[in-house]
Amino acid sequence: MGAMRFPSGPESNAMSFGRDDIGWTPIMEEAQRATRVLHPDELDLPRPKNRRIITVANQKGGVGKTTSTVNLAAGLALHGLKVLVIDLDPQGNASTALGVEHRGGVPSVYEVLLGEISVADAAAKSTQSDNLFCVPATIDLAGSEIELVTMVAREGRLKEALNAEAVEALDFDYVFVDCPPSLGLLTVNALVAAHEVLIPIQCEYYALEGLGQLLRNIELVQSHLNPALWVSTILLTMYDGRTKLADQVTAEVRGHFGDLTLRTVIPRSVKISEAPGFGQTVLTYDPGSRGSMSYLDAAREIAERGAERKTA
Ligand code: ATP
Ligand code: MG
């Protein structure tokens, strides 16, 4: 007979995966983790008193802005909160990961910024959850940094769109805005529209390079356009426990940002990077994976901290 032993006898059965069972295996551990993701009732996330609008920004490319946006949004949505993701990057990666159409011609954030359609008209339901919506970005957005320059109230177009009555009616708990890797007018629009900024920092060489510039830009927006804005969250991403460097970066970031840094650190994980190729977040692509659990933990931290904090 096979060598693998499963728990047996009257006190234990294969479904009750107690850690003390002799037959505890990594597969069972993963199954239990998946159960936590897929049976959200076990995890009660607080609903914020007021809608939280969180801009995910870092002008550095490839640090995990989009990955964090879609997975945090999915984590909150899978646990009953109503979430909108606004894809403000012409690359449209957030739209892809959320399974939302973004070929040229579909109603998108571009028309929203032009004031032609409302956010409600452009928001499409994600394949990932009935509570998760996305305003997609199409390639049309690529020219908008230049087009916006000549527009009236060019920095406040997204804010205006999000204030509209149509959005009120949709009653989102969270709005996440995924920024492009630049500090241009699209990112400024995202900063003006938001209450909070979440900065993902990759645990890599030069992680902190450019952060000063980002923080100065945030201060400029605070002092001239959006006094309520604040950096509420720092998220360390792509942590590789095998390297000393990752720990150095983590320590440096915590030393600098203190409690703004989430306790949860997102590990480097192949599953996380594979998921968008299937039009999915890692939470549905591989619910029991470490990457999935870490984003779920980060989402819970954000939800719990938000409940304690001032709301704008
Ligand atoms: P851009 O600046 O181009 O918008 P970004 O900051 O949005 O990039 P992502 O697109 O989220 O960054 O991530 C960059 C790349 O790293 C992607 O290929 C993504 O799949 C991969 N990636 C992100 N997070 C992880 C992780 N935790 N483990 C492994 N790969 C990751
Ligand atoms: Mg991105």
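A polar contact is a pair of N or O atoms within 3.5 Å; within protein, one atom must be able to donate a hydrogen and the other to accept it, and residues adjacent in sequence count only if both atoms are side-chain atoms. The structure is a predicted model, in which local features need pLDDT of at least 70 and side-chain atom pairs count only at pLDDT 80 or more, while totals for chains, interfaces and linings use all residues. Residues are numbered from 1 along each chain as its sequence is written, chains are lettered from A and ligands numbered from 1 in the order in which they are written, and side-chain values use heavy atoms, with hydrogens and water left out.

View 1. Ligand 1 is surrounded by 18 residues, of which the closest are K65, T66, T67, P267 and S269; a residue counts here if one of its heavy atoms lies within 4 Å of the ligand. In the side chain of T67, an N or O atom is 2.4 Å from an oxygen atom of ligand 1. An oxygen atom of the ligand also lies 3.3 Å from a polar side-chain atom of Q91. The backbone of S269 has a polar atom 2.8 Å from a nitrogen atom of ligand 1. On its own, ligand 1 has 620 Å² of accessible area, and the protein covers 81% of this; such areas come from the Shrake-Rupley method with a 1.4 Å probe, and for residues only the protein chains shown count as cover.

**View 2. Helix α2, residues 65–78.** Helices (H or I, at least four residues) and strands (E, at least two) are DSSP runs, numbered from the N terminus. The end C-alpha atoms of α2 are 20 Å apart, which agrees with the 20 Å that its 14 residues should span at 1.5 Å a residue; the expected span is 1.5 Å times one less than the number of residues. Of the 14 residues of α2, 12 are buried, among them K65, T66, N71 and L76. Buried means under 20% relative accessible area, exposed over 50%, and partly exposed in between (1.4 Å probe, protein chains only). After α2 comes G80, whose phi is positive, near 95°.

View 3. In strand β2 (residues 83–87), five of the five residues are buried. V83, V85 and D87 point one way, whereas L84 and I86 point the other way. In a regular strand the side chains alternate between the two faces of the sheet. Strand β2 pairs in the parallel sense with strand β4 (residues 132–135) over four bridges, and L84 has F133 as its bridge partner in β4; two strands pair if DSSP finds at least two bridges between them. Five bridges join β2 to β5, again in parallel, with V83 opposite Y174.

**View 4. Y174 in strand β5.** Y174 belongs to strand β5 (residues 174–178). Y174 counts as buried because its relative accessibility is 0%. The C-alpha atoms of Y174 and L84 are 6.3 Å apart, although 90 residues separate the two in sequence. Not counting residues up to four places away in sequence, Y174 touches residues including P48, R52, L76 and I302, where contact means heavy atoms within 4.5 Å.

View 5. Strand β6 (residues 196–202) contains E196, which is buried with a relative accessible area of 6%. Leaving aside neighbours within four places in sequence, E196 is in contact with R52, I54, L229 and W230, among others. Strands β6 and β7 run parallel and are joined by seven bridges. Q202 stands opposite T237 in β7. Strand β7 (residues 230–237) is largely enclosed by the rest of the structure, because eight of its eight residues are buried.
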